[in-house]
Amino acid sequence: MTPEFKTPSQMDGDLVDWPPVERDGYVFGRVGTVISALVSAAYKAMARLLWAFGRHSRSAHLAEASRKMQLALDERLYDPVVGA
């Protein structure tokens, strides 16, 4: 049985609410690139906070998760020819 995927920009779809005229050609897909980037940044920020509060083990765990997510995003999205 094939899973049903919701149409982007509707209830239970992507959490990106850009009007279609402001999407600059962005194509919604099965992978939430925008959400993944936000989660990576949130993990990094939480790691800094946890470190400040002395929760070094949990901080290291979130920092590593953020690092791995950022590497995966960079590997799939960065174009060295364009420099972006």
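**Entry: helix H2.** I began with H2, which runs over residues 56–77 and has 22 residues. From first C-alpha to last I get 31 Å, close to the 32 Å expected at 1.5 Å a residue. A reminder to myself: this is a predicted model.

Entry: Which residues of H2 are buried? I found Ser59, Leu62, Ser66 and Leu73 on that list. Looking down the axis of H2, I see these buried residues fall within an arc of 75°, so they line one face of the helix. I then checked what covers them, and the cover includes helix H1, residues 33–52. On the face turned away from the buried side I noted the exposed residues Ser57, Lys68, Glu75 and Arg76.

**Entry: salt bridges.** How many salt bridges does a search of the whole structure find? The search gives 2.

I took Glu64 and Arg67 to start with. Their closest N and O atoms are 2.7 Å apart, which lies within the 4 Å cut-off for a salt bridge. Both residues sit in H2, 3 residues apart, about one turn of the helix.

Then I turned to Glu75 and Arg76, whose closest N and O atoms are 3.7 Å apart. That also falls within the 4 Å limit. Glu75 counts as exposed because its relative accessibility is 65%, and the cut-off is over 50%. Arg76 is exposed as well, with a relative accessible area of 61%.

**Entry: the end of H2.** Next I clicked on Leu77, which is in helix H2. Is Leu77 buried or exposed? At 52% relative accessibility, Leu77 counts as exposed, since the cut-off is over 50%. What does Leu77 contact once its neighbours within four places in sequence are left aside? I found Thr33 and Ala84.

**Entry: a nonpolar patch.** I went over the surface and found a nonpolar patch of about 340 Å², made by Met46, Leu49 and Phe53. Where is Phe53 placed? Phe53 is in the loop between H1 and H2. With 67% relative accessibility, Phe53 counts as exposed.

**Entry: the whole chain.** I finished by zooming out. The chain has 2 helices and 0 strands. Of its 84 residues, 12% count as buried. I also looked at contacts with a separation of 6 or more: residues 24 or more positions apart account for 27% of them. Finally, the chain exposes about 7,000 Å², and carbon and sulfur atoms supply 60% of that area.

Terms used. Residues numbered from 1 in each chain as written. Predicted model: local features only at pLDDT ≥ 70, side-chain atom pairs only at ≥ 80, totals over all residues. Heavy atoms only, no water. Helix = DSSP H or I, 4+ residues; strand = E, 2+ residues; numbered from the N terminus. Expected span 1.5 Å × (residues − 1). Buried < 20%, exposed > 50% of the residue type's maximum accessible area, 1.4 Å probe, protein only. Arc of directions from axis to C-beta. Contact = heavy atoms within 4.5 Å. Patch = residues over 30% accessible without salt bridge, like charges linked within 9 Å, V, L, I, M, F, W, Y side chains within 5 Å. Areas by Shrake-Rupley, 256 points an atom, 1.4 Å probe, with all protein chains shown as cover. Salt bridge = Lys/Arg side-chain N within 4 Å of Asp/Glu carboxyl O.
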